[in-house]
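Please look through the sequence and the structure below, and then follow the explanation step by step.

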Amino acid sequence: MLEFLALPAFQDNYIWLILDHKRQEAAVVDPGDAVPVITWLGRHPEYQLRHVLVTHHHRDHTGGLATLKAATDCRIWGPAAEAISSLDRRLDDGDKINILGQTLQVCAVPGHTLGHIAFYCDDPDGPWLLSGDTLFAGGCGRLFEGTPQQMHDSLERLAALPDNTSIYCAHEYTQANLRFAHAVEPANDDIRVRLEVVNDLRLAGRMTLPTTVALEKRTNPFLRSNEPAVITAAEQQQGQRIAAGADTFAAIRAWKDRF
Ligand code: ZN
Ligand code: FE
């Protein structure tokens, strides 16, 4: 059974460290900074860093790659469609890779960036997803490169994963995301209760991750663009009729950008 540890970096990034205790091997995800990873490895010399997984090209996800490559004998896996130096293998949609005794499936999820990928593992101990900056707890990444339609389709794809999938995303944005979600759907009790829980966790300085597909489908407005309450809220913001799906998603995303 794998263990997931979050190494905090910068203001609000998490570098996920995935540990296989039996093999004493580790993988890290989106190391924007090598220092927290090198520090952890220095304190646990029995563990070998075998794999580095990269979801997209932004600096806060790739800044540590060159140092980790030089300091360890890890293999670096990342998206074929993005300009990232020091990748050992470039991945496309549908590729499967083997790490830490598991098979991970590569999903292209364009929107935040055009080449963004996510990694899904149908782990017998419980499925899990590394979603980078695409799907956050209570929210989704900004559209820096893709269209609303692309991001909407990417999120639909992730929402179709099993309900019990654990989601490990790259930022601690949950509280701000849920404040917005509550503004979109003030009558949604799942959102209200989740916001209270998250407020308590943050007050105690604690992490709000991982989340699950089931919880996101109930509380994340960006996965709810077919819900009448969300469509109505989008229409009230824009003062015009809006279709369900990608158009509602686009309106909600634009609203969040100025919230
Ligand atoms: Zn990013
Ligand atoms: Fe980021």
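A residue counts as buried when its relative accessible area is under 20%, as exposed when that area is over 50%, and as partly exposed in between. In this predicted model, Asp-133 has a relative accessibility of 3% and therefore counts as buried. Asp-60, in contrast, has a relative accessible area of 21%, so it is partly exposed. His-56 and His-58 are both buried.

The iron ion (ligand 2) is coordinated by Asp-60 (OD), His-61 (NE2), Asp-133 (OD) and His-171 (NE2), at 2.1 to 2.3 Å. Because the four donor atoms around the iron ion subtend angles of 85 to 169 degrees, this arrangement is irregular. The spacing of the donors of the iron ion along the chain is D-H-x71-D-x37-H.

Where do the two sites meet? Asp-133 coordinates both the iron ion and the zinc ion, and these two ions are 3.2 Å apart. Asp-60 lies in helix H2 (residues 59–62), while Asp-133 lies in the loop between strand S10 (128–132) and strand S11 (135–136), so the pair ties together parts that are 73 residues apart in sequence.

Conventions: Residues numbered from 1 in each chain as written. Chains lettered and ligands numbered in written order. Predicted model: local features only at pLDDT ≥ 70, side-chain atom pairs only at ≥ 80, totals over all residues. Heavy atoms only, no water. Buried < 20%, exposed > 50% of the residue type's maximum accessible area, 1.4 Å probe, protein only. Donors = N, O, S within 2.8 Å, 3.2 Å for Na, K, Ca; no water. Tetrahedral: all angles 85-135°; square planar, octahedral: opposite > 155°, others 65-115°. Helix = DSSP H or I, 4+ residues; strand = E, 2+ residues; numbered from the N terminus.
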